[in-house]
Amino acid sequence: MLSTAGDKPARETLMYLEQFRETLRLLTGKNDLKMVWPARVLVLKRTPSAGFALGRDARLMAVSESGVLPRESLKELARILLYENTTRLPQYIETGLIELVSTLEVNGTRITLGAPVPEDERTHGWALMQLVTTNPDYAGRSRVMVSNLEQSGDFEAACHNAFEKTAKQMNDQADAYLKAGNFGTTSVSGRALSLTRDMKVMQLDPDDGKIAMADLLLANGSNQADAAYTALHGPQAAEGLGLLALQAHKENDARRLFQSAVDSKSESARAWLELGRLEPDSAKAVKDLKKAAELNPRWGEPYFRMAEREQDLAQKAELLKKAANLDARNVDYWQALAKTETAAKDFPAAQKAWAGAERASGTDEERARIHEVRLQADLERADYEAAEIKRIAQEREEDIQRVKAQSDAAIRAAEDEARKKLNPDGSAPPKPEGWYEAMQPDASVEGVFERLDCLGKHARLVIKAADGKTVLLLVPDPRQIVIVGGGEKALGCGVQKSARKVLVEYKAKPDAKLRTTGEAATIEFR
């Protein structure tokens, strides 16, 4: 609060604005209502009032020494406080709430809420908010309704939870209340502030007052702002002139002026952000943007601008999340986040971002458009997941075939090695049909194949039978024995590496010298 009209109107104006914020805090149920940019009010002699507008480093408003705050300025302040501290509310509820507080009456710590707005401004939304804040039956319940609407936007659920009535009942009562035209007021407990104890007066340096006036001219779009800043020195003057150069699309001049400001230890987040935005070197730009975020940690734009420079999708998404969480009503931030998450194939996160964009939408048309995009994104997610399932299954099948091919090659190699050992002269084996017919088996043994004794052209099977006895069987010609069950790879000479169950059919033909019971005809591995 800056004043050229003495401290009394400044103190009274500051008291009104603090109680205005407190009233809105009580109605919304927020612990505190903070602003991204500080509000700076100038109390001036014989100067027309000017509404809140963003200047060099603050939102500025000018009021005359009478201390009267125009309703339009109060409505703009309410819009800013709601925008920066709540998620999107139904438009008629938000407009009604803004209209309601625009007629607030403050006398120190005594606050009167509910004075009627002009008749042509009495909308259904205003009547509803006036009803639920001034009617004793609903006292203190508006914050429950606002909280519910912030979470889901479901007016039916909000009415049930806040007032134990249906949405139709509340709308009908508001319409009847509006038609009757009998509007009451209510008292609100304000903050325990003292005009003298809590509001200290400080004498400004002459240059501080000149900077404040130049900032006000910039905020109001006055063509006198350039001259006002040119007459000053220091980083604040360079910041103001840089912003004016940007408005005139003189980017090179703007960059030079912002660089001059930061070289002079500028503490303006806007100056650092604009310098980063104009910087062609990404590394330098990100450094400037980080400084802007440090100077104003409640501002989402520095993170959004850093995300524009980031190539890594995961890092880009993190920056966009910060931007969207800081500026929850910014549809562009949510949509950029959703598109980034989609590009990164993080579809659950993308769906959450699209839901955030829907909630942030300012109109039904925009909300419907984003809802369609969200549905399309969900279809793309389903297509991607189906393709992934198919790809994984195909890779698994290819892996199985690869292992199978490797196994078959190993089996064939083992076969060749065993045959070379059992038949070193390499002579061609006789046709198996004739041998098998001559070797019709008349007995069999089932057990564990323990060892294969290689005896030159012959071999001897050592089988541990199921009854515990050891059975030795002669293999006259290993090339002619019939092997089934994929056991070829086990026909290595000596003790078998892994004991396998077998069923061996043989022709009883004892050989005392070799101590064999008969001659094996077939081996079935199990």
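Student: How many aromatic pairs does a search of the whole structure find?
Tutor: Eight aromatic pairs turn up in the search. Keep in mind that this is a predicted model.
Student: Take Trp37 and Trp299, then. Are their planes stacked or edge-to-face, and why?
Tutor: Edge-to-face, because the planes sit at 65° and anything over 60 degrees falls in that class. The ring centres of Trp37 and Trp299 are 4.8 Å apart.
Student: And where do Trp37 and Trp299 lie?
Tutor: Both are in loops: Trp37 is between helix 1 (7–28) and strand 2 (39–44), and Trp299 is between helix 13 (282–295) and helix 14 (301–309). The pair therefore ties together parts that are 262 residues apart in sequence.
Student: Trp37: buried or exposed?
Tutor: Buried, because its relative accessibility is 5% and the cut-off is under 20%. Trp299 counts as buried too, at 11%.
Student: What about Tyr138 and Phe163, how is that aromatic pair arranged?
Tutor: Tyr138 and Phe163 are edge-to-face, with 65° between the planes and 5.1 Å from centre to centre. Tyr138 lies in the loop between helix 4 (124–134) and helix 5 (142–152), while Phe163 belongs to helix 6 (residues 155–163), so this pair links parts 25 residues apart in sequence.
Student: How accessible is Tyr138?
Tutor: It has 5% relative accessibility, so Tyr138 counts as buried. Phe163 is buried as well, with a relative accessible area of 9%.
Student: Which residues form an aromatic cluster?
Tutor: Trp126, Tyr177 and Phe183 form one.
Student: OK, on to helix packing. At what angle do helix 3 and helix 4 pack?
Tutor: About 65°, with the axes 7 Å apart. Helix 3 covers residues 91–101.
Student: Is the crossing of helix 3 and helix 4 left-handed or right-handed?
Tutor: Right-handed.
Student: Which residues make the contact?
Tutor: From helix 3 you have Tyr92, Ile93, Gly96, Leu97, Glu99 and Leu100. Helix 4 brings His124, Gly125, Trp126, Leu128, Met129, Gln130 and Thr133. Trp126 is also a member of that aromatic cluster.
Student: How does that contact of helix 3 with helix 4 split by class?
Tutor: Seven residues are nonpolar, five are polar and one is charged.
Student: Where is Glu164 placed, and is it buried or exposed?
Tutor: Glu164 is in the loop between helix 6 and helix 7 (167–180). At 70% relative accessibility, Glu164 counts as exposed.
Student: And phi of Lys345, what is that near?
Tutor: Near 65°, again a positive value in a residue that isn't glycine. You'll find Lys345 in the loop between helix 16 (331–343) and helix 17 (347–360). Lys345 counts as partly exposed, because its relative accessibility is 45%.
Student: Last one, Ser266. Where is Ser266 found?
Tutor: In the loop between helix 11 (251–263) and helix 12 (269–278). With 1% relative accessibility, Ser266 is classed as buried.
Student: What does the side chain of Ser266 reach?
Tutor: The backbone nitrogen of Ser268, at 3.1 Å.
Student: Which residues does Ser266 touch, not counting those up to four places away in sequence?
Tutor: Pro235, Glu239, Ala261, Ala271, Trp272 and Leu295.

Terms used: Residues numbered from 1 in each chain as written. Predicted model: local features only at pLDDT ≥ 70, side-chain atom pairs only at ≥ 80, totals over all residues. Heavy atoms only, no water. Helix = DSSP H or I, 4+ residues; strand = E, 2+ residues; numbered from the N terminus. Buried < 20%, exposed > 50% of the residue type's maximum accessible area, 1.4 Å probe, protein only. Polar contact = N/O pair within 3.5 Å; in protein donor to acceptor, adjacent residues only side chain to side chain. Contact = heavy atoms within 4.5 Å. Phe/Tyr/Trp six-rings, centres within 6.5 Å; stacked < 30°, edge-to-face > 60°. Axes fitted to C-alpha atoms, helices over the stretch in contact; angles between N-to-C directions. Left-handed = near helix turned anticlockwise from the far one by under 90°. Nonpolar A, V, L, I, M, F, W, Y, C, P; charged D, E, K, R; others polar.
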